[in-house]
Amino acid sequence: MNSGNLLTDHPELYEARFPDRDHLAARWAEDCLRRHGDGKRVLDIGCGTGRDAEYLQHAGRTVTGADLSEAMLAHARERHPGPEYVSADLTGFELGAGAFDAVVCLDSALLYCHTNDQLDGFLASCRRALAPGGLLVAEMRNGAYFLGRTDLLDTPAVGGFSWRGTAYRSVTTLTVDRTAGLLRRVRDWTADDGTPPVQQRSAWRLLFPQELRHVLAAHGFDVLELHDGPGPRTEPPWQEGELPGETADADRLHLVARRRH
């Protein structure tokens, strides 16, 4: 457990902590792609363990999974084969001009773009990587949810799971850094196997719906969908055949945008 980021550095633990046996996130992304008539070449940026990339590949697409974590990429190549996996930083990547018909970015990975320069770098890279008319599909936390709401901030969240006979427990505290525009997370991990505790610190950009529309337009994207659900991490979660809602007020944002010709 001597890791600053227990789950990212140990992909098997990540999948044990966040199981997605029904491939809900990938199925939701595939549904978005089908409904908007995309092509077959897909980039899964921030692909993590590779399970979503593998599902999209099995759905008949030609998928490239990209991530900055070598541990995640090694796990993806071994456990979720089929896609090509490459190392790339989502804040700026070069994977070929017009090489993809769609870019998929799930589970708030886009919000690791903490600064305006990083967000500009991500969107410029996506535009460069997409063929004209290509799609950007993303799912993330909704910054607007934290305007006047404190329910996710008031009480630390306690979680736990078991893996290979060891019980892991986490206590997660969220705080809003208003100056930086970030949602900061501190997660303290303990395990019952006698290993020392681990503290993981991370943060997400607090992006608001109108802000996201503005920056997408500035980078040559037309927003097709921007809503708060249903989606793979909403309650209740998205189900096959459900269409997007009309509001963007709850704690998740779901985006589909098209690169202008």
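With 261 residues, a compact globule would have a radius of gyration near 18 Å, and the protein chain agrees with its own 18 Å (taken over C-alpha atoms, with the globule rule being 2.2 Å times the number of residues to the power 0.38). Please keep in mind that this is a predicted model, in which local features need pLDDT of at least 70, side-chain atom pairs count only at pLDDT 80 or more, and totals for chains, interfaces and linings use all residues. Residues are numbered from 1 along each chain as its sequence is written, and side-chain values use heavy atoms, leaving out hydrogens and water.

**Overall build**

- The protein chain has eight helices and eleven strands (DSSP runs numbered from the N terminus: helices are H or I with at least four residues, strands are E with at least two).
- Along the principal axes, the C-alpha atoms fill a box of roughly 55 × 45 × 35 Å.
- Buried residues account for 52% of the 261 residues (buried means under 20% relative accessible area, exposed over 50%, and partly exposed in between, with a 1.4 Å probe and protein chains only).
- Of the contacts between residues at least 6 apart in sequence, 65% join residues at least 24 apart (contact means heavy atoms within 4.5 Å).
- The accessible surface comes to about 11900 Å², and 49% of that belongs to carbon and sulfur atoms (Shrake-Rupley method with a 1.4 Å probe; for residues, only the protein chains shown count as cover).
- The mean positions of the 29 positive and 38 negative charges are 2 Å apart (Lys and Arg count as positive and Asp and Glu as negative, while His and the chain ends are not counted; each charge is placed at NZ of Lys, CZ of Arg, CG of Asp or CD of Glu).

**Salt bridges**

- A search of the whole structure turns up 18 salt bridges (a side-chain nitrogen of Lys or Arg within 4 Å of a carboxyl oxygen of Asp or Glu).
- One of them pairs Arg 164 with Glu 12 at 3.7 Å, N to O. Arg 164 sits in the loop between β6 (157-163) and β7 (166-177) and Glu 12 in helix α2 (residues 11-17), so this pair ties together parts that are 152 residues apart in sequence.
- Helix α3 (residues 24-35) holds both Glu 30 and Arg 34, four residues apart, or about one turn of the helix. Their closest N and O atoms are 3.7 Å apart in a salt bridge; Glu 30 is buried at 5% relative accessibility, and Arg 34 is partly exposed at 45%.
- Asp 31 and Arg 35 are likewise four residues apart in α3, and their salt bridge has its closest N and O atoms 2.9 Å apart. Asp 31 is buried at 7%, while Arg 35 is partly exposed at 32%.
- Glu 240 is partly exposed at 47% and, leaving aside neighbours within four places in sequence, is in contact with Arg 27 and Arg 34.

**Helix α4 and a buried charge**

- Helix α4 (residues 51-58) has Arg 51, Asp 52, Ala 53, Glu 54 and Leu 56 as its buried residues. They pack against α2, α3, β1 (41-45), β2 (62-67), α5 (70-79) and β3 (84-87).
- Glu 54 is buried yet has no salt bridge, and the nearest side chain of opposite charge, Arg 51, is 8.9 Å away.
- Leaving aside neighbours within four places in sequence, Glu 54 is in contact with Arg 79, His 80, Pro 81, Pro 83 and Tyr 85.

**Backbone points to check**

- Most residues other than glycine have a negative phi, and most peptide bonds are trans.
- A cis peptide bond joins Gly 229 and Pro 230, with omega about 0 degrees, and Pro 230 is in the loop between β10 and β11.
- The bond from Glu 235 to Pro 236 is also cis, with omega near -5 degrees; Pro 236 lies in the loop between β10 and β11.
- Asp 107, not a glycine, has a positive phi of about 55 degrees. Its place is the loop between β4 (100-105) and α6 (116-129), and it is partly exposed at 29%.
- Arg 164 has a positive phi near 50 degrees.
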